[in-house]
Amino acid sequence: MLNTECKQCHKKWHHDNAKYCSMCGKKLVEEPEFKSGDNVASKIFSDGSFGLVRLNKDLTNHLTPVDGLWYTKKDCDITDMSLGVFKEDTRHATPKEVAEYESALTFHKHGRNPFELKRGDVVYLKGYDKNIFLDSGNIYKKHNFVDGDVVFVKTAEEVNEWL
């Protein structure tokens, strides 16, 4: 929001892209709290649970439609959709939530539901510094991927296609 004059010293501002008053130093331009590229958590469901998304534009209005890959923590699901976000129901995602969102996006990029593993998938074990083929199904859980101990590399189908 642009102020045409400083409310403290009443100096007129001539839209010269200044963010602060040259006389008193008061802020003239309000910058958005949530900017494009930020990972945010927003209460988008009636039960008050959070959805995570990376913003593709600044949240500047009271209600802003946000397009993108929404991750619902409650269901461990990713959906590409547009949802209306209320600014007061939105906060910056915590580092752990960002890690969970990024891990879920890795699975989505490979065409899998978040944290779904199948026999023959390839994962990277950080502690052992090795890629391994899984000889059974879900032996690793969500927390292994969120903590960064295990990284999803390829699906069994991608491996077969590569071979």
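Author: The model is a predicted one. The chain has 163 residues, of which 34% count as buried. Its accessible surface amounts to about 10200 Å², and carbon and sulfur atoms contribute 51% of that area. Among contacts with a separation of 6 or more, 43% join residues 24 or more positions apart.

Strand β1 comprises residues 39-43. This strand is mostly covered, as 4 of its 5 residues are buried. β1 pairs with two strands named in the request. With β2, the pairing is antiparallel and is made by 5 bridges; within it, Asn 39 stands opposite Arg 54 of β2. With β5, which spans residues 90-92, the sense is again antiparallel, and there are 3 bridges.

Leu 59 occupies the loop between β2 (50-54) and β3 (63-72). Although Leu 59 lies in a loop, its relative accessible area is 0%, so it counts as buried. The C-alpha atom of Leu 59 is 8.9 Å from that of Phe 86, a residue 27 places away along the chain. Thr 72, for its part, belongs to strand β3. Thr 72 has a relative accessible area of 9% and is therefore buried, the cut-off being under 20%. Setting aside residues up to four places away in sequence, Thr 72 touches Phe 45, Phe 50 and Asp 77.

Helix α1 covers residues 95-109. The helix has 15 residues and reaches 21 Å from its first C-alpha to its last, close to the 21 Å expected at 1.5 Å a residue. Its buried residues are Glu 97, Glu 100, Tyr 101, Ser 103, Ala 104, Leu 105 and Phe 107. In an α-helix there are 3.6 residues a turn, so residues three or four places apart point the same way. Gly 111 follows α1 and has a positive phi, near 80 degrees.

A further sheet remains to be described. Three strands form an open sheet in the order β7-β6-β8, with antiparallel pairing. β7 (130-133) and β8 (150-154) stand at the edges with a single partner strand each, so one side of each has no neighbour in the sheet. From one strand to the next, the twist averages 35 degrees. Strand β6, residues 122-125, is joined to β8 by 4 bridges, and Tyr 124 stands opposite Val 151 of β8.

Helix α2, residues 142-146, contains Asn 144. The relative accessible area of Asn 144 is 15%, so this residue is buried, again under the 20% cut-off. Apart from neighbours within four places in sequence, Asn 144 is in contact with Asp 149 and Val 150.

To return to the part requested, β1 pairs in the antiparallel sense with β2 and with β5, and 4 of its 5 residues are buried.

Notes
Residues numbered from 1 in each chain as written. Predicted model: local features only at pLDDT ≥ 70, side-chain atom pairs only at ≥ 80, totals over all residues. Heavy atoms only, no water. Buried < 20%, exposed > 50% of the residue type's maximum accessible area, 1.4 Å probe, protein only. Pairing = 2+ DSSP bridges. Axes fitted to C-alpha atoms, helices over the stretch in contact; angles between N-to-C directions. Expected span 1.5 Å × (residues − 1). Contact = heavy atoms within 4.5 Å. Areas by Shrake-Rupley, 256 points an atom, 1.4 Å probe, with all protein chains shown as cover.
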